[in-house]
Amino acid sequence: METTAPLMLFNSLTRRAEPFVPVHAGEARVYTCGPTVYNYPHIGNMRAYVFADVLGRTLSFKGYKLTHVINITDVGHLTDDADDGEDKMERMAAAQKQSIWDIAEHYKQAYWADVRALNIRQPAQWTVATDYVEQMIEFAKGIAAKHCYELESGLYFDVSTVADYGRLARAQTEDGEGRIEAVEGKRNAADFAIWRKTPPGETRQMEWDSPWGKGAPGWHLECSVMSGAVLGFPFDIHTGGIDHREIHHPNEIAQNQAHCCTNGLDDPRNSGANIWMHNNFLVERSGKMSKSSGEFLRLQLLIDKGYHPLAYRLLCLQAHYRSELEFSWEGLGAALTRLKRLVMAVEQLRARDEDTSSTAPGPRFQPFLERFDAAVSDDLNTAIALTVLEEVAVLKKVDPAEKLAALAAMDSVLGLHLLNLTRTDLRIRPKSAKINEAEIEATLAARKEARAAKDFARSDALRDELAAKGVEVMDGDPLGWEWKLVP
Ligand code: AMP
Ligand code: ZN
């Protein structure tokens with residue numbers, strides 16, 4: 001399919017939407033800051049990966065050959081941004097009395113399960129931080145003389161040695177406000193560790209030899225090294241959550257600049273990536289998003305309550321990625337209904353036309369595809385794109401195979417898995433449910449018989465019986481949904 005709208009993306013560096021001009025013609029190279037695998041991701045974290053996935057899918061839709069890299073941080077991320085505090089991984093390993101490697105493996109698998117459930121495409125490569133430590137040491141050696149100094153606790157990056165440090169963060173750094181020192185002896189408040197030495201007399205579970213002594217790499221160093229190693233500087237787009245715009249990414253940029261200007265050309269354009277994109281936060285008023293508070297909002301919790309994970313994906317798509325999104329169960333329920341409507345529309349089409357593989361959307365669908373293209377090309381306006389898809393889903397008197405082809409083209413960007421999802425898939429049984437599907441179907445069949453025999457007393461009794469077990473019978477439901485379990 002031909003897409004003609006120019007692709008505009010909001011660049012946090014310039015705070016403007018800019019036309020996408022790839023570094024390598026016809027290609028798009030994207031790096032996404034991935035999770036620190038010390039705990040389960042919460043659904044806010046997953047919003048960051050849904051956003052990165054939609055970006056990648058849009059680039060593919062626009063015809064670019066995509067190389068997407070997401071990292072897995074299994075070392076070096078401290079509990080405190082000021083280089084103070086403990087390594088998140090070490091702390092969890094101690095709390096759970098397990099090795100760090102086991103902790104990393106367990107939570108990496110849990111993260112990947114969420115990635116699959118949300119239909120996030122596999123990137124070209126997952127880079128795991130501990131696989132790149134040798135390259136991190138080499139990178140640090142390359143910039144140490146000109147840009148770093150050593151303290152007892154480690155090797156620190158002197159942010160005054162690069163031009164225009166912190167420009168990505170803007171207001172937050174202008175007066176040095178919000179910047180933190182914490183480590184005694186730092187030359188500038190914003191200086192940060194790129195190598196953390198193991199304190200004398202201690203042994204860490206994860207430590208490596210380096211010219212600065214045994215220790216572990218700093219978190220910011222990891223992303224500079226992995227992104228540069230796999231994608232080459234400069235690459236096209238670097239993504240992350242909006243919190244990374246303040247410290248992590250300015251620090252990556254400072255390192256990239258130092259690394260790229262070893263020939264003496266210190267230019268803020270050497271930021272490593274041309275475009276830096278950030279998703280805004282998913283917020284939840286009662287604080288259940290915090291991983292430290294017992295039960296937090298994991299994707300599995302949503303599933304346990306009977307919500308299909310793709311309803312959460314749809315919830316994310318309803319908002320612009322740069323807007324804050326407030327989570328509520330009501331909102332999720334509404335997103336699930338919207339998804340059901342789409343799935344029912346596609347199911348009906350599939351029933352009419354099995355083989356759509358060779359069909360292309362005909363001219364009738366062109367105006368819709370153009371509007372869809374314009375929406376996603378306008379800094380990923382998925383909210384509008386979704387409404388265009390819905391308009392197509394309800395079009396009457398059109399060729400079903402062509403309609404399916406149009407929906408498939410749109411869903412290649414939105415990733416709602418519409419051509420495969422079925423009504424049965426969406427009927428997730430809440431953990432608390434007191435009844436299974438076979439019982440529900442049997443009771444409904446008995447009710448049908450009672451109604452056919454005009455035995456309305458019995459029919460009502462069966463309906464009440466189902467209601468007592470949490471099943472709402474949906475006679476005359478416009479979607480034809482028939483019944484649902486009330487979460
Ligand atoms: P972390 O594992 O803490 O490094 O976070 C993984 C990703 O989730 C990062 O890109 C964060 O910026 C992002 N993130 C963290 N909290 C939220 C949230 N509430 N909403 C959206 N993104 C978030
Ligand atoms: Zn990162």
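1. Which helices each supply at least two residues of the lining of the largest pocket? In this predicted model, they are helix H1 (43-61), helix H2 (88-96), helix H3 (100-117) and H6.

2. Staying with that pocket: its volume comes out at about 820 Å³, and 40 residues line it. If you want to find the middle, look for Asn-45, His-77, Lys-88, Asp-243 and His-244, which lie nearest the centre. By class, the lining splits into 19 nonpolar, 14 polar and 7 charged residues.

3. H6 (residues 219-231) also has a helix partner worth a look. Its axis and that of helix H4 (residues 133-147) come within 9 Å and cross at roughly 100 degrees. Angles of 65 to 115 degrees count as roughly perpendicular, so that is how H4 sits relative to H6.

4. As for who touches whom, H4 brings Gln-135, Met-136, Phe-139 and Ala-140, while H6 answers with Leu-221, Glu-222, Ser-224, Val-225 and Ala-229. The tally for this contact is 6 nonpolar, 2 polar and 1 charged residues.

5. Now the sheet. Four strands make an open, antiparallel arrangement, ordered S6-S7-S8-S9. Strand S6 (148-151) and strand S9 (215-217) are at the edges with a single partner strand each, so one side of each has no neighbour in the sheet. From one strand to the next, the twist averages 25 degrees.

6. At the S9 end, strand S8 (residues 192-197) runs antiparallel to S9 and is joined to S9 by 3 bridges. One pairing to check on screen is Trp-195, whose bridge partner in S9 is Pro-217.

Terms used
Residues are numbered from 1 along each chain as its sequence is written. Chains are lettered from A and ligands numbered from 1 in the order in which they are written. This is a predicted model: local features need pLDDT of at least 70, side-chain atom pairs count only at pLDDT 80 or more; totals for chains, interfaces and linings use all residues. Side-chain values use heavy atoms; hydrogens and water are left out. Axes are lines fitted to C-alpha atoms, for helices over the stretch in contact, and angles run from 0 to 180 degrees between N-to-C directions. Angles under 35 degrees count as roughly parallel, over 145 as roughly antiparallel, 65 to 115 as roughly perpendicular and the rest as oblique. Contact means heavy atoms within 4.5 Å. Ala, Val, Leu, Ile, Met, Phe, Trp, Tyr, Cys and Pro count as nonpolar, Asp, Glu, Lys and Arg as charged, and the others, Gly among them, as polar. On a 1 Å grid over the protein atoms alone, a cavity is a set of points where a 1.4 Å probe fits but cannot get out, and a pocket is an open set with protein on both sides within 12 Å along at least five of seven lines; lining residues have an atom within 4 Å of a point. Grid points are joined across faces, edges and corners, and a volume is the space filled by probe spheres set on the points. Two strands pair if DSSP finds at least two bridges between them.
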